[in-house]
Amino acid sequence: MTRSILETLKERTAGNRKSLAVLIDPDTIQEAGSLRNLLDLCQECCVDYFFVGGSLLTHNSLSSIIQQIRNVTDIPVILFPGNNMQIDLSADGILFLSLISGRNPELLIGQHVVAAPILKGSNMEILPTGYLLVGNERNSSVAYMSNTNPIPADKYSVAASTAMAGEMLGLQLIYLDGGSGVNECIQPRMIASVKKNTNCPLIIGGGINSKEKARSVLRAGADVIVIGNALETDPHVLIPIAEAVYEVNQANNLSAKRS
Ligand code: 1GP
């Protein structure tokens with residue numbers, strides 16, 4: 001029997017095996033040729049998951065993007081919805097995100113109530129996810145769109161306590177997001193603090209655009225890293241980032257065998 005996405009992620013996390021997710025924003029990848037090239041590259045780089053979504057979709061292309069991914073690969077497609085309009089039942093799963101770093105009831109529970117009956121009747125796997133926005137920019141587009149303040153980048157214990165509360169409420173994944181295209185990734189100390197205090201698979205995204213940054217985020221405790229914006233400028237940056245995932249996994253394997 002095929003394992004569910006969540007079971008696989010939990011198993012990998014327990015075995016200290018890291019995963020690589022590529023974020024495809026349907027709004028920024030309109031050209032079929034560039035999507036095809038990216039998909040081929042993702043296959044070569046052994047990408048584990050596609051996340052599909054964006055904070056603001058202005059084109060109605062979600063379904064067609066998912067179909068194009070399906071035509072080329074078997075890599076699971078997981079919706080990463082900016083709001084409850086971004087649901088397409090042809091995906092394998094959905095990050096059912098509760099924005100627990102914020103205090104906007106619509107994004108904590110409101111939109112979920114609207115989406116629940118639609119999701120209930122689908123075959124899509126629901127992945128209950130505590131979503132934490134982190135960063136010092138109160139005027140970033142994600143802060144504006146979500147009408148919330150992110151957790152300041154150096155408030156490690158606030159992030160850890162928020163993630164702990166999310167886990168205690170039954171959320172199964174924790175996603176720390178520094179925002180798409182930011183210069184600085186989430187600080188390793190914050191990642192380590194959340195990792196130390198929770199057992200859920202930990203997803204980290206925002207500004208990972210080099211092998212060094214990927215390695216540092218993985219070593220700090222990320223179980224899944226998400227790469228989006230950097231691939232829009234140069235898709236080939238995926239190669240060194242995938243190498244970082246591979247190398248950290250190899251090193252973890254070796255130390256597990258020694259102990
Ligand atoms: C953004 O975490 C994702 O919500 C990915 O970030 O686009 O900066 O890679 P980037």
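1. A salt bridge here means a side-chain nitrogen of Lys or Arg within 4 Å of a carboxyl oxygen of Asp or Glu. By that rule, this predicted model has seven salt bridges. As background, side chains of opposite charge can pair when their charged atoms come close.

2. Start with R12 and D48, whose side chains form a salt bridge at 2.9 Å, N to O. R12 sits in helix α1 (residues 5-14) and D48 in the loop between α2 (32-44) and β2 (49-52), so this pair ties together parts that are 36 residues apart in sequence. Are the two partners buried or exposed? R12 has 13% relative accessibility, so it counts as buried. D48 comes out at 15%, so it counts as buried too; the cut-off for that label is under 20%.

3. Next, have a look at R70 and D92, another salt bridge, at 3.2 Å from N to O. This one also links distant parts of the chain: R70 belongs to helix α3, while D92 is in the loop between β3 (77-79) and β4 (93-99), 22 residues apart. R70 is partly exposed at 31% relative accessibility, and D92 is partly exposed at 30%.

4. The pair R36 and D40 stays within one helix: both are in α2, four residues apart, so about one helical turn separates them. Their closest N and O atoms are 3.2 Å apart. R36 is partly exposed, with 43% relative accessibility, and D40 is partly exposed as well, at 26%.

5. Salt bridges also join up into a network here, and its members are K211, R215, E243 and E247.

6. Now for the helices. Which residues of α3 (residues 62-72) are buried? They are L62, I65, I66, I69 and V72. These cover an arc of only 130 degrees around the axis, which puts them on the same side of α3.

Conventions. Residues numbered from 1 in each chain as written. Predicted model: local features only at pLDDT ≥ 70, side-chain atom pairs only at ≥ 80, totals over all residues. Heavy atoms only, no water. Buried < 20%, exposed > 50% of the residue type's maximum accessible area, 1.4 Å probe, protein only. Helix = DSSP H or I, 4+ residues; strand = E, 2+ residues; numbered from the N terminus. Arc of directions from axis to C-beta.
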